[in-house]
Every structure is written in C-alpha cells, then in structure tokens.
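Keep the structure in view as you read.

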Amino acid sequence: LPATKGPERLGATALGGGAAPGGWVRDPSPLSAAALGTLDFSLLYDQENNALHCTISKAKGLKPMDHNGLADPYVKLHLLPGASKANKLRTKTLRNTLNPTWNETLTYYGITDEDMIRKTLRVSVCDEDKFRHNEFIGETRVPLKKLKPSRTKTFSICLEKQLPVDKTEDKSLEERGRILISLKYSSQKQGLLVGIVRCAHLAAMDANGYSDPYVKTYLKPDVDKKSKHKTAVKKKTLNPEFNEEFWYEIKHGDLAKKTLEVTVWDYDIGKSNDFIGGVVLGINAKGERLKHWFDCLKNKDKRIERWHTLTSELPGAVLSD
C-alpha cells in the first residue's frame, strides 16, 4: 500500500502576480472562505501506470444554493492548462444536502511526469440545477508538482471563490491526445501482436465538444495493402477504451525493416472522417517511440505497454480514410 501523509490544509490560493514565493498567497478572509464550505479529498499519482487517481471524500457546511436551504452538490475536476472536455471529470450529484459524502474515485489516464510538473488540478464544487445553469459553490487548486509518485496526499480545504482561468496560456501546448499501445512478438506463432488499449485527452472534432474515435494500424512498407486493421468506433468520448488486439504474421528478423503506423480518427456519417493524430513506431523513430519498438524486438514473448503522444503530422501518411 502507498504511504499516506496527513491531510494538508489549504487556506491559500494559487495565483500569478504578487504571490508569495512558490505562487501561493494567504486568503485574506478565511471567514468568508469557510462560508462556502470545506472539502476533503486525496490524490495519488501512479507513476508506473501513468494515472492520477482523485478520491473525492466529502464536503461539510456547503453554502445553501436552493430555496429549501440545501444544495444538490457534485464535484468537477479540470486539469489546467487544458480546454477540452477530456480534461474534465465529475462525481455523481447528491441531492438535498450541505454535507455530502461521495467516496468516489475519478482517474485521469495518460498522465506523464511532465504533466505532473506543469499542470494544476482545479477542484470545484457545484450545485446541479434542473431548470437553469448549474451554479458554482467554491473551488481549490492543487499544483501537481506538490505530489510525490505513489504517495497518497490527503487534503482538507476551505473552498474559495471562483478564480479566473487563463484561456490563452493553452494554445502552444494544445495536444492531439495520447494513446496506450502494447507490443508483443510471439516466437511460437512467428508474428507481432499489436494492442490498442485506450486513448486519453483526444482533441475534440465534433460540434458537441467530443469525437467518435476509432484507431487504424498499418505495418509498412505494405506493398499488398493488406496490413490495415481497424478498431470499433467509440461514440462521443475523448477518453475511449478499445482493448483490441491485431495480429501481423512476420519473421522476427523482418521487424527491423518495418514501421508500425497508428492513426486515430473521428468517425463522421456522410462525410470524410477527421484525422485526430497519429504515431509511428519503428527503427527510424526517436525517443519513446524508438525505445518501445526496440524493447519489443529485444524481449520476445513479453507484452510491452507504453503511452505515446499523438502528433498531427505523420511522415508520408495519406491523411484520408
């Protein structure tokens, strides 16, 4: 079990200019902050599996939002910077309470060490309203660099008023998304098994802020055009789970001359499908993409799983489906 530290009490706000060293300033009015309520939650970065687990425990003394003097609260998570719906997760709504207990764990997949250095988790408590817009109750922000890998950190905080989100900071870091691929060379069957496990934080291609993603794989060069495989389409999601495997019959010695091209598409009815992003693994790739391929060649009969960042350009790829 991961080691657990005592709860951290945050009465401070993550702000830019004029902040104390480390970017934190004391809340000048703790009494007004307490009037919004308190929230208990814990965070755990599972470095080995590139996952951030956020367990939302409970809130106390929330500000009444409805005519009956109660609220219908839920908690919303948002990874900053990041504009798309893929960066947002939420708990279930609990009805007619100012002291809700959720005990719900929400997980972000495809989280890298670099994300942990530069991203901040925004945790907001909102009141669900059937007839008009959901109302904001209060929030807090946790820079992910405060977490240590595989150590659960527990927080007990006073909620604060809404802080502005910088919409402009994001553009240079806008990502197409990430994909979790597994590779295994079977010496018994003489072939390569390619697993398309899941994608995370995909770019939204549809007007509703989502995509209908599916994945294609090719083993190139592919003279006979016989190497194409396709997953099922997953509707209206930016974090699809595929768990599909494709088989390529090939001698181990020939793998060094091949490249695996993996592309992610948004399915559209009646018009051409949109290209979201892709990744090429092989002996001519670089960094993690080369390492993944090399590890597969080197470790026969071992399933090797890695996250890869999708890019918007593929060398020599035909960007049509």
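P221 sits in the loop between β14 (213–220) and β15. The peptide bond that joins K220 to P221 is cis, with omega at about 0°. This is a predicted model. A cis peptide bond also joins L80 and P81, and here omega is about -5°. P81 belongs to the loop between β6 and β7.

Stay with the backbone. N103 is not a glycine, yet its phi is positive, at about 45°. This residue is found in strand β8. N103 counts as exposed because its relative accessibility is 58%, and the cut-off for exposed is over 50%. Q190 is not a glycine either, and it has a positive phi of about 55°. Q190 is placed in the loop between β12 (178–186) and β13 (191–200). Its relative accessibility is 39%, so Q190 counts as partly exposed.

Now turn to the aromatic rings. How many aromatic pairs does the structure hold? It holds two. Start with F41 and F155. Their ring centres are 4.9 Å apart and their planes meet at 15°, so this pair is stacked. Planes under 30 degrees apart count as stacked. F41 comes from strand β4 (residues 38–46) and F155 from strand β11 (residues 153–158), so the pair ties together parts 114 residues apart in sequence.

Next come the charges. Side chains of opposite charge can pair when their charged atoms come close. How many salt bridges are there? The count comes to 17. Among them is the bridge between R95 and D72, whose closest N and O atoms are 3.7 Å apart. The cut-off for a salt bridge is within 4 Å. R95 lies in the loop between β7 (88–90) and β8 (101–109), and D72 in the loop between β5 (51–60) and β6 (73–80), so the pair ties together parts 23 residues apart in sequence. R95 counts as partly exposed, because its relative accessibility is 40%. D72 has a relative accessible area of 10%, so it is buried.

R95 also meets E128 in a salt bridge, at 2.7 Å from N to O. This pair links distant parts of the chain: R95 in the loop between β7 and β8, and E128 in the loop between β9 (120–127) and β10 (135–143), 33 residues apart. E128 counts as buried, because its relative accessibility is 18% and the cut-off is under 20%.

R122 and E139 form another of the bridges, with their closest N and O atoms 2.9 Å apart. R122 is in strand β9 and E139 in strand β10, so the partners lie 17 residues apart and link distant parts of the chain. Both R122 and E139 are buried.

Finish on the surface. K76, K85, K88 and K236 gather there in a patch of positive charge. One of them, K236, lies in the loop between β15 (229–230) and β16 (241–249). There is also a nonpolar surface patch of about 280 Å², made by V233, Y267 and I269. Y267 has its place in the loop between β17 and β18. Y267 counts as partly exposed, because its relative accessibility is 31%. A patch takes residues with over 30% relative accessible area.

Conventions:
Residues numbered from 1 in each chain as written. Predicted model: local features only at pLDDT ≥ 70, side-chain atom pairs only at ≥ 80, totals over all residues. Heavy atoms only, no water. Patch = residues over 30% accessible without salt bridge, like charges linked within 9 Å, V, L, I, M, F, W, Y side chains within 5 Å. Areas by Shrake-Rupley, 256 points an atom, 1.4 Å probe, with all protein chains shown as cover. Salt bridge = Lys/Arg side-chain N within 4 Å of Asp/Glu carboxyl O. Lys, Arg positive; Asp, Glu negative; His and termini not counted. Charge placed at Lys NZ, Arg CZ, Asp CG, Glu CD. Helix = DSSP H or I, 4+ residues; strand = E, 2+ residues; numbered from the N terminus. Phe/Tyr/Trp six-rings, centres within 6.5 Å; stacked < 30°, edge-to-face > 60°. Buried < 20%, exposed > 50% of the residue type's maximum accessible area, 1.4 Å probe, protein only.
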